Each structure stands twice: as C-alpha cells, then as structure tokens.
Amino acid sequence: MKKMLSFSLLCMFASPPGVTLLANPAEDWKIEAVLLTPDTDPAHRLPADTIPQILTVTVSNPSEAARFQLSSDVRLTRIRDSFVAGNRFVAMGEAGSADEVAVFDIVSKRLIDWFYCYAPHRVSANWIAYVEWYQGHGLAHPKEVLLMYDLAETPAENRLPSAGRLPVPAPLANGPVQVGIPVYPETNVLMRSYINVVEGSGEGDVVMQEAGYVLLPLKRLVFAAAQGEDFLHLRNYLVIVNLSGGVNHPAIETIDIPKDQFKKAGENPRFVKITGIEQASENAVRLFVPQSDYGVSSITVAIPGS
Amino acid sequence: MILSDGRLHSSIYTLITNGTLGPNTYNFSFGLNSIPIGEYTTITATWTVNGANATAAFGYHFKVMGTYAQTQYNTPAESSCGGSAEAVTIDDSSCASFASTLLSNFVFRVSDQTTGTGSGYSNHYHVVKPEVYCTHGYSTTTFRENSTLVGALGGLLNNSTVAACSTSELAVNGTRVFIVGEGVKTVTDLCPACCKDTTHLDNYSTSTVCSGLGTLPGALTIRLY
C-alpha cells in the first residue's frame with residue numbers, strides 16, 4: 001500500500017500541470033459519441049479565413065456512474081479512428097492534406113497533445129505508429145521517418161530533446177510535427193533526430209504508408225519501405241523493428257521480399273506493389289499484392305523470431 | 001471493336017457488338033464510362049462485309065487505373081493574400097538569414113501543414129518555400145528566398161502537371177496520364193498526401209489565388225505509354 005502511494009505521488013510531480021498519467025489502465029471508459037463540427041466563432045478563425053473544427057466526445061464509465069463530454073478545437077476534417085487507452089481518448093484522421101492525432105486526458109477532460117503526421121495506425125494498446133509530416137511538393141529527397149507515440153507516457157516523454165519548442169498542446173496555428181520517438185530509419189534512431197530530408201544527393205527511405213504496419217508477438221513492428229529516386233528505380237524490402245526494449249531502443253532489421261512466390265515479375269522487378277500487410281502467424285506476415293501485376297493476390301513471408 | 005492486352009491475353013474489352021452500318025467513316029467512343037480497370041495494348045476492329053470477316057489491329061498501350069481523387073495545389077501570390085505584417089526569417093541558399101515580414105495570410109497559406117502550398121510568390125523575395133534544410137526541420141516562420149519552382153521529380157509545374165504518391169507506378173518524371181474531363185497531364189511532382197489511398201493525384205494550377213482553389217471532381221485516370 002505504501003509503495004502504491006509513493007508511485008502515485010511520483011506520477012503527479014513528474015507530469016505537466018493538469019496531465020494525469022495512466023495510474024489505473026483498467027479504467028473502463030466507453031465512447032458514446034464523437035462529433036466534428038465547424039467552429040464558426042470569428043475569434044477562433046485562423047489566417048486566410050480558415051475555420052477549425054470542434055471535436056466533441058461523449059464518454060462514460062459505468063463503474064463510476066460518470067458521463068461527460070470532452071471538447072476542443074482541432075484541425076481534423078475526417079475522423080478515421082478513435083479509441084480509449086487507459087485514461088486517454090485518441091482521435092485520428094484526416095486534416096486536409098495531412099493526418100492528425102489528437103490525445104485527450106479523460107480525467108482532466110483536456111486535450112493534452114496533438115500533432116500532424118501521415119498514416120497513423122494504432123498498432124497496440126498504447127502505441128501509435130505514423131510517418132513524420134513533411135511538405136512533399138517540390139522536395140526532391142524526402143526521408144520518411146517512422147515515429148511511435150506511446151500513450152502510456154506523457155507528452156513530454158513522447159518528444160526528443162531536439163523537438164521544436166512549441167507549447168504542449170500547441171496552439172492551432174502552430175502545427176507540431178516533431179512529436180514521437182523515431183524507430184526508423186536507423187540514422188534517425190542513432191542520432192535521436194527528427195530530420196526528414198536527405199542533405200546532398202543521397203536517397204531517402206520511403207515508408208509504404210498505404211500498406212500499413214503490423215505488430216507481431218515479441219513487439220516486432222513490420223512494414224514495407226523503399227529507396228529510389230522514382231518508381232522505375234525504387235527497390236523495396238520489409239523492415240522489422242524489434243521494440244521489445246521499448247520505443248527508445250529499437251533494433252532494426254531489413255529482409256528482402258521473396259519474389260519467387262510471384263507468377264509474374266511486375267513492372268519493376270525490384271519493387272513490389274504491396275497494398276496491405278497482416279499477421280499470418282506468430283512469425284509470418286501476409287503481403288497483399290495486385291493479382292494483375294504478380295499473378296497472385298498475396299504471399300506469406302517469414303519474419304525472424306528475435 | 002476490341003481492346004486487349006496483347007502480352008497478357010487477360011484484359012479484353014469489347015466496345016461494340018452487332019453494329020450494322022453503311023459505308024462511311026465513323027468515330028467510336030472508347031466507352032470511358034464502362035471501360036474496366038486493366039492494361040491494354042491493342043485495338044482490334046472486326047468487320048463482316050458480305051459474309052466475309054476483315055480485321056485490323058492498332059497498337060496503342062494504355063492502362064486504366066480507375067477513378068482517382070483529383071485535388072489541386074498552386075503557388076499563391078503574397079499580393080493576393082492580405083493580412084497583417086508577420087515577422088519571419090528569410091534564408092538564402094547558403095543559410096545566411098535576416099529578419100523580415102510577410103503578410104500573415106500568405107505565411108499561413110504557404111506553410112500550414114493541412115492546407116499549405118509549400119511555395120509562394122512573395123512581394124520582395126521571389127518564390128519562397130518554408131525552410132527545411134537550414135533549420136534542420138520544417139519551419140512555418142523561416143522561408144527560403146529565390147527558390148526554384150520545380151517538381152520533386154525534376155519537371156516543371158504548370159496547368160498540365162500533377163503530383164503523385166512516391167510509391168505509385170505513376171511517380172516517374174514525364175509519365176503521362178489522361179484524366180477524363182481534364183485531358184492529358186504529366187507527372188512531375190510528389191505528393192505524400194496522395195499516399196493515403198494511392199488513387200489520388202494533386203493537380204498543379206498556375207492560379208495565384210490565396211485560397212478557394214477547390215478540388216476537381218474524381219475522374220477516371222488512364223496511364224498513357
């Protein structure tokens with residue numbers, strides 16, 4: 001009992017004001033409604049007559065006879081996924097040409113963090129994987145950085161020391177993008193860096209966002225990535241990020257995509273169009289491919305155990 | 001008339017059957033409202049004249065990709081944006097910087113992550129882009145002056161160019177696409193937002209409006225070889 005009390009006090013002092021840590025992950029919050037409506041208040045209007053949206057969420061907890069609303073302005077334009085993890089409510093979806101993740105603390109009834117990214121996916125109870133946002137038009141050598149947000153950690157713990165110095169949560173006019181912990185590519189992991197452009201003539205990695213990511217047992221995150229200046233020169237491979245040591249200590253391995261399972265080579269024999277990834281077994285993933293290009297609709301790839 | 005894939009013998013689309021016509025010259029539609037997704041390499045026409053069959057084949061390679069979302073982007077002019085003077089930093093190509101101002105609506109329209117264009121015609125610094133390299137990360141308050149307006153794949157940007165997802169088969173500089181209702185356009189730029197569903201192209205417009213460019217209707221997109 002004494003140990004539990006000490007832990008609670010530690011959490012209170014370690015957290016930013018008003019932010020509650022996941023002291024009781026067994027909290028049983030239910031989402032009753034999620035609503036996105038334009039915020040037409042002129043005082044909230046952004047430059048160039050841009051109107052934000054009001055995200056309103058109704059949550060309840062039958063065991064505590066609690067039912068109330070969370071609400072905040074956001075830039076989300078369409079919600080693709082929303083869920084509760086412990087005392088956190090998360091909404092993810094489109095925000096114009098970007099994607100946005102908004103994190104609320106249910107107990108304090110506040111938006112505690114939000115950021116722009118590409119292709120966010122919840123890969124486990126507390127982990128969200130996504131590609132760091134970058135301005136793609138005209139950028140010759142992007143380097144897509146895969147980040148991980150851990151809902152069991154505080155917003156501050158989900159930022160590297162080099163993250164842009166914005167308030168948390170940031171005002172709507174400031175778009176935070178340097179949020180989360182890099183787990184790929186290795187240069188960003190080793191340098192503890194958010195830099196997502198290649199300086200010089202090198203080739204950046206591109207994460208195949210459309211295929212998604214899957215977390216296998218032993219906390220192995222699997223996804224497809226590619227390198228090359230354009231489609232004709234792209235070559236792709238599977239990336240396995242072992243996160244058994246936590247998001248701050250990823251171990252990265254890449255493996256070739258076994259093309260011998262295809263009946264046709266496809267337009268670029270070094271690049272496989274992967275439309276989806278799912279877990280096939282404890283140590284294998286299934287890659288979905290266009291049948292018209294490869295003569296098969298999917299292949300199964302063994303993933304190293306550890 | 002038949003469209004077929006001469007290599008794969010898998011995509012065969014019959015355009016017209018049982019047409020009885022007199023001697024003349026006729027135009028036949030490709031039937032774009034119903035043409036199936038697939039790759040075609042040959043157009044074959046077959047006539048039956050007085051009980052005898054005649055056939056002609058014409059090599060024409062194209063791939064029906066399906067209906068793609070068609071968004072638009074542009075390079076707005078600061079003079080069309082308005083707003084108040086906002087303090088910014090201007091970088092040159094050697095990362096030497098100085099303090100200046102740009103109109104606030106222009107700053108937002110160029111640099112905002114959800115609606116930003118990524119480039120703009122400023123009143124004093126020619127084409128500006130949000131700084132990435134000198135600032136070691138994307139900046140919404142630092143801009144590179146005298147930037148080059150060119151697509152990520154190296155081609156020019158104009159009313160006949162589009163941006164595609166970097167892992168799309170269309171992401172090769174110079175790839176031509178026929179967008180029904182829009183005409184033939186060329187891929188010269190990349191578009192990360194287009195990777196959300198991959199069936200998405202971002203159409204460049206030379207309009208310099210600050211906002212209200214709008215979205216084009218989704219349209220059947222055909223890759224031309």
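1. Let me begin in chain B, where Pro130(B) stands opposite Phe143(B) in strand 9. That strand (residues 142–144) runs antiparallel to strand 8 (residues 127–130) of chain B, and 2 bridges join them. Strands here are DSSP runs (E) of at least two residues and helices are runs of H or I of at least four, both numbered from the N terminus; two strands pair if DSSP finds at least two bridges between them.

2. Before going further, a word on conventions: this is a predicted model, in which local features need pLDDT of at least 70 and side-chain atom pairs count only at pLDDT 80 or more, while totals for chains, interfaces and linings use all residues. Residues are numbered from 1 along each chain as its sequence is written, and chains are lettered from A and ligands numbered from 1 in the order in which they are written.

3. Back to the sheet in chain B: it is open, has 5 strands in the order 6-5-9-8-7, and its pairing is mixed. Strand 6 (97–103) and strand 7 (120–121) of chain B each have a single partner strand, so one side of each edge strand has no neighbour in the sheet. Helix 1 (residues 104–111) of chain B packs on this sheet and touches strand 5 (85–91), strand 6, strand 7 and strand 8 of chain B. The direction of helix 1 makes about 105° with that of strand 6 of chain B; such angles run from 0 to 180 degrees between N-to-C directions, with axes fitted as lines to C-alpha atoms, for helices over the stretch in contact.

4. How far apart are the C-alpha centres of domain 2 and domain 3 of chain B? They lie 24 Å apart. Chain B is divided into domain 1 (2–62), domain 2 (68–73 + 150–224) and domain 3 (76–144), with bounds from an automatic or database domain assignment. In contact are 5 residues of domain 2 and 9 residues of domain 3 of chain B, contact being C-beta atoms, placed from the backbone, within 7 Å.

5. In chain A, please look at strand 6 (residues 98–105): 8 of its 8 residues are buried, so this strand is largely enclosed by the rest of the structure. Buried means 20 or more other C-beta atoms within 10 Å of the residue's own, exposed means 12 or fewer, and partly exposed is in between, with C-beta atoms placed from the backbone. Ala98(A), Glu100(A), Ala102(A) and Phe104(A) point one way from the strand, and Asp99(A), Val101(A), Val103(A) and Asp105(A) the other way.

6. Strand 6 of chain A has antiparallel pairing with strand 5 (residues 88–95) of chain A over 8 bridges, and Arg88(A) stands opposite Asp105(A). Another 7 bridges join strand 6 to strand 7 of chain A, also antiparallel, with Val101(A) opposite Phe115(A). The hairpin of strands 6 and 7 of chain A has 4 residues between the strands, and Lys109(A) in its turn has a positive phi of about 60°.

7. Between the chains, 41 residues of chain A are in contact with 45 residues of chain B. Strand 7 (residues 110–122) of chain A gives the most to the chain A side, with 3 residues.

8. Finally, confidence: the model scores ipTM 0.85 and pTM 0.87. Chain B has a mean pLDDT (the predictor's confidence in each residue, from 0 to 100) of 89. Within chain B, strand 1 (residues 2–4) is lowest, at a mean of 62, and strand 11 (residues 176–179) is highest, at 98. Where pLDDT is low, the predicted coordinates should not be read in detail.

Conventions:
Contact = placed C-beta atoms within 7 Å.
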